[in-house]
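Subject: Structure handover and notes on its salt bridges

Dear colleague,

Please find the structure below, together with its sequence.

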Amino acid sequence: MGLFKSREKKAEDKRQEAVDRLRDFDPAIRPGGVFVVKLLMREKCDMPCHQRMQDVLSRHLGRIESIGDQDEKGFRGYAALDYMAGFSDREVPVQLCVLDCQPFDGGQIDEMQRSQMWDCQGERDRILSECKYAVLANDMLGGGLQTQVRANMLMDYVEALLELFPSCEAVLCHNSGKMIMADEIRSSAGEGLNRYIRFCVNVRLFNINGTSDHVIDTLGLSLLYVEDLQYHFHGMDPNWVVNHAYNMASYILNNNCPIKDGDTIDGIAEGNLAQDIQWKCHFEDALVGPARTVLDVCMGEYAAGNRQ
């Protein structure tokens, strides 16, 4: 069973149902929850002045209006007037919040979390050791936006933040555990929804002790009311499956979640998508935490676990 009991319901009904059903889940992966990133840096930095903040945010996100006292130390808040979050009784602009630079202790990130930071493995330990400060930024009320609109807005927000904080060396996405080098984002020529897949969705790999089985899953999609993906398998190169997961995540996000329970998708042959191989998909509980509903891909002859 997926996040939504009826696929024919209107988008706003599905959104509310997802929030209701997962209200007690980990806030980091709750559909419609708060998006949080940490901008990691070696030295403590000052908050840019209000005018600089407003100019850069406006250039990336359109009309911006300040929230509260901008002279208040420790916090800057802005309403993104071109992004109106729709709720049952009203529409309100999404809020963007940036906190002052604070001490950051990379030692608090455990080995399991570190092991899934695949995008910067060569720099991971150095960054977590040398970056002693972080700027925390988040959105509020973003869950009231349509999936694709929010994904694009969040990436425009991150790009604005990296312009505002040039000393940032890496971006840590709290919602997925993904860490990526800041310069990779700054130098990217990508546009549109695939930025969210590349920079905020984490594809994780787990080896099952005592077996030849693997579990590959995603983190980061559920924030946008999209089920994360899961593969439980053996006998296939995990790198092929990682690539498949990223391609599938991109397809799902770009096409407004077209896959229903029981549908089939193209499988893999020699590392490439193969239309003559079809894998069936079902909504199931995740094998690896955090607890959530995932779109499980049954990989035919390579599938592991007990399946009907």
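Let me begin with Glu 169, which counts as buried at 19% relative accessibility, where buried means under 20% relative accessible area, exposed means over 50%, and partly exposed lies in between (1.4 Å probe, protein chains only). Please keep in mind that this is a predicted model, in which local features need pLDDT of at least 70 and side-chain atom pairs count only at pLDDT 80 or more, while totals for chains, interfaces and linings use all residues. Residues are numbered from 1 along each chain as its sequence is written, and side-chain values use heavy atoms, with hydrogens and water left out.

Glu 169 forms a salt bridge with Arg 126, and the closest N and O atoms of this pair are 3.4 Å apart; a salt bridge here is a side-chain nitrogen of Lys or Arg within 4 Å of a carboxyl oxygen of Asp or Glu. Because Glu 169 lies in the loop between helix H5 (147-164) and strand E7 (170-173), whereas Arg 126 lies in helix H4, the pair ties together parts that are 43 residues apart in sequence. Helices (H or I, at least four residues) and strands (E, at least two) are DSSP runs, numbered from the N terminus.

Arg 126 also forms a salt bridge with Glu 130, with the closest N and O atoms 3.1 Å apart, and these two residues both lie in helix H4 (residues 121-130), four residues apart, about one turn of the helix. Arg 126 is partly exposed at 25% relative accessibility, and Glu 130 is likewise partly exposed, with a relative accessible area of 32%.

A further salt bridge is formed by Asp 217 and Arg 204, whose closest N and O atoms are 2.7 Å apart. This pair links distant parts of the chain, since Asp 217 is in strand E10 (residues 214-219) and Arg 204 is in strand E9 (residues 202-207), 13 residues apart. Asp 217 is buried, with a relative accessible area of 0%, and Arg 204 is buried as well, with a value of 5%.

Returning to Arg 126, salt bridges that share partners join this residue with Arg 42, Glu 123, Glu 130 and Glu 169 into one network. The structure holds 19 salt bridges.

Finally, Asp 156 lies in helix H5 and counts as buried at 16% relative accessibility. Leaving aside residues up to four places away in sequence, Asp 156 touches His 60, Leu 61, Tyr 83 and Arg 195, a contact meaning heavy atoms within 4.5 Å.
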